[in-house]
Amino acid sequence: MSSEHTYGPTCHLSPNAPASEDGMPSMKAQFFYTSPLPIDDPLSAVPPASSSETTKHPPRPFSAFDNNALEEAWLAGNDGENTMEVPVGISRLHSVKLQPLLMIPIYWSPVHDIAAVTRGTWFYRDNLYPVEPAVANRLELGYRELRPWSRTWKDELNSAIEVGAIGEEKISHPIWPVEEAKGKQVESTFLSTDPGYAAKHFYNEAAAEGSLESGSRPSSAKASSRKYATSHVIYKDARNAFILKPTLQPSAYFGRKPLQKIIKGMTIGIHVVRGFDWRAWEKIHPSKRSRTISKTEEMAPQAGTANAPKSNFCKACGLQEERPRVKELILVIHGIGQKLSERVESFHFTHAINSFRRSVNVELGNKSLDNVLDLEGGGGIMVLPVNWRSTLSFEDGGPMKDGDQDHGDFTLKDITPETIPAVRNILADVMLDIPYYLSHHKPKMINAVITEANRVYRLWCKNNPGFHETGRVHLIAHSLGSAMAMEVLSTQPTSVKYNEDNINFDHFDFNTTNLFFAGSPAGFFLLLNKANLIPRRGQNKPGTDFSDDGDSTGEEGTFGCLAVDNVYNILAANDPIAYRLNATVDSLYTASLKLAKVPSATVSFFAGIGNALKTATPGLAATPELAIGHVAKPTIGARLPSQVEMAVHDFTREELAEKRFYLLNDNGQIDWYLSTGGGPLEIQYINMLGAHSSYWTSPDFVRMIVIEVGRKPGRANTLPNMRAVKKPGHK
């Protein structure tokens with residue numbers, strides 16, 4: 001149920017503010033940011049990589065709640081040295097630094113997503129975009145000098161109309177001093193747009209702006225940069241003013257009398273207003289959001305705002321604040337190729353995860369999942385990237401040994417021929433991560449993964465107090481990232497106690513609930529190490545029917561013995577990098593299992609559940625085609641195993657293998673294939689080119705992640721079409 005905003009004093013959308021002691025009306029300032037990506041739209045598309053960093057984007061207003069927090073922080077730091085950072089956005093993934101007035105991401109390094117922030121005080125009436133801060137501050141100085149809110153000013157306007165053009169010339173105020181407009185420096189009261197200066201001087205009425213150019217001053221003293229350098233302004237009343245170019249200004253010589261038309265309600269020149277009005281903004285810029293987007297916005301999880309200022313607000317504003325708190329945190333570890341993103345932005349992993357997060361938000365708003373998910377109290381799921389490669393460099397030359405003569409270190413650039421540079425650069429940026437991992441650089445790469453994952457997690461816990469006690473952490477590891485995650489989790493302590501004062505560099509600072517491999521070569525690395533995937537002893541996995549002691553489990557430090565509750569291995573059918581994992585648990589038992597596919601995210605997904613229930617209910621007929629993972633009722637003519645087969649069958653060994661599988665995954669299996677959807681005309685060798693990066697855009701993969709993360713733990717709470725199914729003739 002949604003409530004209407006009151007637009008009153010306790011509403012964030014209120015256009016009114018109390019007047020100052022001298023009677024001058026206070027204004028409703030509004031903060032804007034310039035970015036191609038709206039931070040308050042959970043379904044906004046990822047902006048394309050721009051070849052020009054000077055691309056202009058329309059200013060976007062911060063939400064009413066964010067603006068209220070920004071304004072409180074701004075007014076609290078009126079000493080000009082405000083170092084506060086205010087979390088903003090629907091999911092609190094960005095923050096605004098008030099001193100330089102820049103918006104930056106909180107949990108990942110900026111990827112062309114640093115945005116300049118503007119504190120607007122005067123606004124263009126036609127679109128309510130903020131007037132350029134330098135101009136707005138000149139308007140404010142004239143406003144304070146002429147006092148158009150007073151009764152005296154009204155009398156002056158009436159007198160000017162009676163006198164005519166000569167009288168109107170006297171109330172027409174130059175925006176810039178005449179000498180300054182001509183480029184001469186004059187001493188005059190000045191409101192700088194620099195955030196520090198504006199906050200210190202006239203901090204409540206001054207407009208300010210941030211700059212993406214380091215070392216640049218937002219307001220230039222050059223006359224050429226002065227907008228409306230020769231224009232005048234006529235203040236109509238306490239809120240409205242009109243900027244007039246020279247050909248529109250009052251003139252006795254030409255007989256121009258614009259004030260008369262302005263008083264009659266006509267628009268002459270550029271109409272500007274003092275203070276922001278949310279109701280007017282919503283009329284000018286009506287929301288184009290569909291019901292799906294609105295529902296998704298309501299369900300979008302909100303990160304903590306531990307340091308954000310709190311205040312009273314109306315009921316509707318309160319409902320906006322009461323979005324689901326995050327219960328499940330998913331950290332995503334990338335694989336090879338991220339070095340290429342330094343030259344080709346569209347390949348950056350952060351873009352893929354931003355898009356993946358929006359897809360997860362869509363699924364959280366899907367009504368059909370309400371009976372499946374167990375997100376208590378409306379808790380949400382947050383997805384954050386672990387960009388370990390960006391902090392790593394391998395340019396340290398060949399390793400020196402005792403007795404070696406120093407002939408000078410060499411780097412990859414020194415040994416790379418200059419021929420076919422485009423191909424060699426791609427190979428160096430994408431493929432060489434694999435041999436690096438197999439070299440003496442491996443510990444450095446493992447440490448980079450641990451350090452970055454712990455940095456993101458500790459920052460998350462700082463902004464979300466208590467999460468380390470009530471929340472759960474899951475990992476998605478893609479490509480080579482899965483091999484590194486397996487390496488870390490093999491030596492990870494079975495149980496980790498979070499200590500905010502003690503930073504670990506040997507293992508993750510969190511316990512991992514679910515581990516998802518995507519496009520993973522982990523099976524190949526197990527083969528190289530002659531190791532098996534085995535459950536961890538003492539894991540105490542919730543909801544399991546088996547004990548995790550005895551021969552079916554392994555100890556910490558054993559490669560392939562992971563400190564997780566559930567392991568999932570998702571393979572795109574044509575992904576040349578992906579390997580299966582079922583056989584690494586028990587190859588003979590794996591031979592008895594059907595190949596499992598990730599259930600479709602279409603209607604057939606839940607139709608498949610219905611089919612499974614029909615097969616288990618006497619008197620109900622199943623549909624001809626069952627979803628993958630369902631068992632059809634055996635026909636009368638089905639072949640049964642002979643007494644000889646029963647006699648030689650090793651049930652003890654099979655039971656042990658089955659126990660291991662269920663300790664490793666509630667569903668009794670590890671591998672699932674993504675449907676290709678190519679049909680009979682599918683060409684595998686063409687599809688393989690994009691298969692390795694297709695996981696983040698797959699609706700089936702997204703839904704599987706949401707359901708397996710959000711469902712209740714335990715074998716009894718798995719979905720029928722996700723469970724392991726044996727081939728005919730096997731029990």
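Start with helix α17: is it mostly covered or mostly open? Select residues 480-491 and you have α17. It's mostly covered, with ten of its twelve residues buried (buried means under 20% relative accessible area with a 1.4 Å probe, protein chains only; exposed is over 50%, and partly exposed lies in between). Among the buried ones are Leu480, Met484, Met486 and Leu489. From first C-alpha to last, α17 reaches 18 Å, close to the 16 Å expected at 1.5 Å a residue (the expected span is 1.5 Å times one less than the number of residues).

A word on ground rules. This is a predicted model, in which local features need pLDDT of at least 70 and side-chain atom pairs count only at pLDDT 80 or more, while totals for chains, interfaces and linings use all residues. Residues are numbered from 1 along each chain as its sequence is written, and side-chain values use heavy atoms, with hydrogens and water left out.

Now zoom out to the whole chain. It has 25 helices and 18 strands (DSSP runs numbered from the N terminus: H or I of at least four residues for helices, E of at least two for strands). Of the 731 residues, 50% are buried.

**The cores**

Next, select Leu331, Leu384, Met445, Phe508 and Leu533. Within the largest nonpolar core, which has 61 residues, these five touch the most other members (a nonpolar core is a set of buried Ala, Val, Leu, Ile, Met, Phe, Trp, Tyr and Cys residues joined through side-chain atoms within 4.5 Å). Then centre on Leu331: leaving out residues up to four places away in sequence, what it touches includes Leu384, Ala453, Val456, Ile476 and Phe510 (contact means heavy atoms within 4.5 Å). A second, separate core of 38 residues includes Val383, Val598, Tyr673 and Phe701.

**The open sheet**

Five strands come next, in the order β7-β12-β11-β10-β8, forming an open sheet with antiparallel pairing (two strands pair if DSSP finds at least two bridges between them). Look at β7 (122-124) and β8 (173-174): each stands at an edge with a single partner strand, so one side of each is left without a neighbour in the sheet. Further in, β11 (240-244) and β12 (270-274) pair over four bridges, and Ile243 has Ile270 as its bridge partner. Now show helix α2, residues 133-146, which lies across β7, β8, β10, β11 and β12 and runs at about 50 degrees to β10 (axes are lines fitted to C-alpha atoms, for helices over the stretch in contact, and angles run from 0 to 180 degrees between N-to-C directions).

**Two hairpins**

Select β3 (85-88) and β4 (94-97), an antiparallel pair with four bridges. Five residues separate them in a hairpin, and Gly89 in the turn has a positive phi of about 95 degrees. Carry on to β5 (102-105), which pairs with β4 in the antiparallel sense, also over four bridges. Which residues pair with Val96? Val86 stands opposite Val96, and Met103 in β5 is a bridge partner of Val96.

**Last stop**

Finish at Ala691 in helix α24, residues 684-691. At 6% relative accessibility, Ala691 counts as buried. Ala691 and Asn574 are 117 residues apart in sequence but 6.0 Å apart in space, C-alpha to C-alpha. Beyond its neighbours within four places in sequence, Ala691 is in contact with Ala572, Asn574 and Asp575.
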